Amino acid sequence: MSIPLLVGIVLVVLYVRWWRRKLTELPLPPGPRPWPMLGNLFDMSLKEMWLPATKWAKQFGDVVYVHIFGQGLVYLNSYDAAVDLLDRRGNIYSDKPRLVMVQELCGLSNMVPFVRYGDVARRQRRLMNGALNTRAVTTYEPLFESEVQGLLQRLVADPENFIGSIRQYTGGSTLLVVYGYRVRSSQDKLLKLADECMTLLSTKMANNVGIWPVDVIPALKYIPSWFPGAGFKRNAEAWRSLMQEFVDIPFEYVKQNMKDGTAGSSYCSILLEEMPKKAEQWILEQTDTDIRWTANSMYLASIDSMLTVLLHFLLAMMQYPHVMRKAQAELDAVVGRSRLPSFKDRMSLPYIDCIFSEVLRWGAPVPMSLLHRVMEDDVYNGMRIPKGSLVFPNVWNMFRDESVFPEPHKFHPERYLNQVDEATSRRMDPRGAVFGFGRRKCPGSHLVESSVWIVIACMLATLDISKPKDEGGKEIEPDITFENPVFRTPSLFKCSIRPRSEEAFRVIQQSI
Ligand code: HEM
């Protein structure tokens, strides 16, 4: 070995050691005082996790660190901190943690939000971006226009079941785009299976924020299922087979229809068609797995997220009737009263877009986004972010920042009409945070842009949405709680939904 090479190696080793030592000398981000061993276990809340996180943001600032049994959790409370770390340092902030229970025992290691950062995640993203980019989404617009007509008719025929009707729209339109499968009723078997699996995932598998004893001590996965205390393994086996059915049934439906020559065009059919005919077996299997799991993840991720947004829209219209009237006046002036609005009208309906933006901000459907795992030790503004920490962008706090959104608790669409500089306008657009950050950012954002906008526009054009009244004619105030740990989905509430006029009723009935 030559002397210059030897000197070079020694210098590199010394530098790495110096850097490591220096790093451990740096402070962790501030946060509430932890207990020995247990850390901040007692500071955590399983319900509305974003509320304590926001209290800490006020007390400790943009970046907050807590730990539970040594597992670090980092909260990024400002838009700038989230962009600096999750976007700009996406190469080390895009991983997901190893979750033995969910990924290995329940078999969800290929479900997109759980996939570790690497080749599989990159292949999956390429497939999804191909089908969900802005250009591709415009080809689905006629489909959303026709699906929304069915939604309006169901809302008028059975207004009390508005949640079932909206769920049929959000699930049904994604099933059409992804699998070419048309839902005919709210009792559809694939909608019911999705409902069952979503409940399983968010209330049972993600129990205690998704961390199981076997995640902390992975060797527990080897204990036999019959062993006392191994109930988690028996549960995992049952859950695994239900989730596998959910992944396989719609995908095999597409394959069978393609064989029979009856398949409509869809994400799955297009990609299966494009599959190389003479590739090696492992390539064919890998592609099949990638399509199967991305399709399922898109379906699963879309139903409750879009439903949540539309429920917040209804709540806003019930509580801010003057906003609804102003939007209806815009629609009457631009579209008239004899037809439904269409995507061609969108450019001429700026107030409807303001309402859409404000629904995303005010409702904050995924208030803590989905967690990312840091792959290497990092330093941010003089603070040490340890490798393996789980990072949450605190979107709720960003959307309640009074310096960007004065009177943040108010539903006030006009705030987007103010002339502001480019940097403020970027911070004000809720789309910059509501879909997450960095390389794991929601791939469905363009689809949401069309599929939710058309519902908001068509409902406002034809329906009056208001608080229901009790027998004495007094308005019933909505009494909302938020039970889901990931989505800020409102609990059941009552809402009065009626056609705006005879003419609106006719427009709804004439459609399709
Ligand atoms: C209003 C509706 C929606 C909202 C608010 C929403 C929000 C989000 C958020 C916050 C994330 C986490 C991003 C991150 O980890 O940084 C996410 C991930 C994801 N979303 Fe959405 N989403 C919506 C609709 C959809 C739709 C319609 C689809 C597909 C058709 C979809 C597919 C996905 C997938 C596959 C992921 C996982 C991405 C990954 O981990 O790489 N979402 N979404």
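Is the crossing of H5 and H13 left-handed or right-handed?

Guide: Happy to take you there. Please keep in mind that this is a predicted model. The crossing of H5 and H13 is right-handed. On the H5 side, the contact is made by Arg 123, Gln 124, Leu 127 and Met 128. H13 answers with Asp 290, Ile 291, Thr 294 and Met 298. Sorted by class, this contact of H5 with H13 has four nonpolar, two polar and two charged residues.

Stay with H13 and turn to another of its partners, helix H9, which covers residues 189-205. H9 and H13 pack at an angle of about 85°, and their axes are 10 Å apart. The two helices are therefore roughly perpendicular to each other. H9 brings Ala 194, Cys 197 and Met 198 to this contact, and H13 brings Tyr 299, Leu 300, Ile 303 and Asp 304. Here the residues divide into six nonpolar, no polar and one charged.

While you have the helices on screen, have a look at another packed pair. H11 spans residues 231-260 and H12 spans residues 267-274; they pack at an angle of about 60°, with their axes 10 Å apart. H11 and H12 are therefore oblique to each other, and their crossing is right-handed. In H11, Phe 251, Val 254, Lys 255 and Met 258 meet Cys 268, Ser 269 and Leu 272 of H12. That contact has five nonpolar, one polar and one charged residues.

Last, let us visit the strands. Four of them form an open sheet in the order S1-S2-S6-S3, with mixed pairing. S1 (63-68) and S3 (372-373) stand at the edges, each with a single partner strand, so one side of each has no neighbour in the sheet. In general, strands of a sheet pair through backbone hydrogen bonds, either parallel or antiparallel. S3 and S6 (residues 390-393) run antiparallel and are joined by two bridges. Arg 373 stands opposite Leu 390 in S6. Helix H3, at residues 79-87, lies across S1, S2 (71-76), S3 and S6, and runs at about 140° to S6.

Methods: Residues are numbered from 1 along each chain as its sequence is written. This is a predicted model: local features need pLDDT of at least 70, side-chain atom pairs count only at pLDDT 80 or more; totals for chains, interfaces and linings use all residues. Axes are lines fitted to C-alpha atoms, for helices over the stretch in contact, and angles run from 0 to 180 degrees between N-to-C directions. Helices (H or I, at least four residues) and strands (E, at least two) are DSSP runs, numbered from the N terminus. Angles under 35 degrees count as roughly parallel, over 145 as roughly antiparallel, 65 to 115 as roughly perpendicular and the rest as oblique. A crossing is left-handed if the near helix is turned anticlockwise from the far one by less than a right angle, and right-handed if clockwise. Two residues are in contact if their C-beta atoms, placed from the backbone, lie within 7 Å. Ala, Val, Leu, Ile, Met, Phe, Trp, Tyr, Cys and Pro count as nonpolar, Asp, Glu, Lys and Arg as charged, and the others, Gly among them, as polar. Two strands pair if DSSP finds at least two bridges between them.
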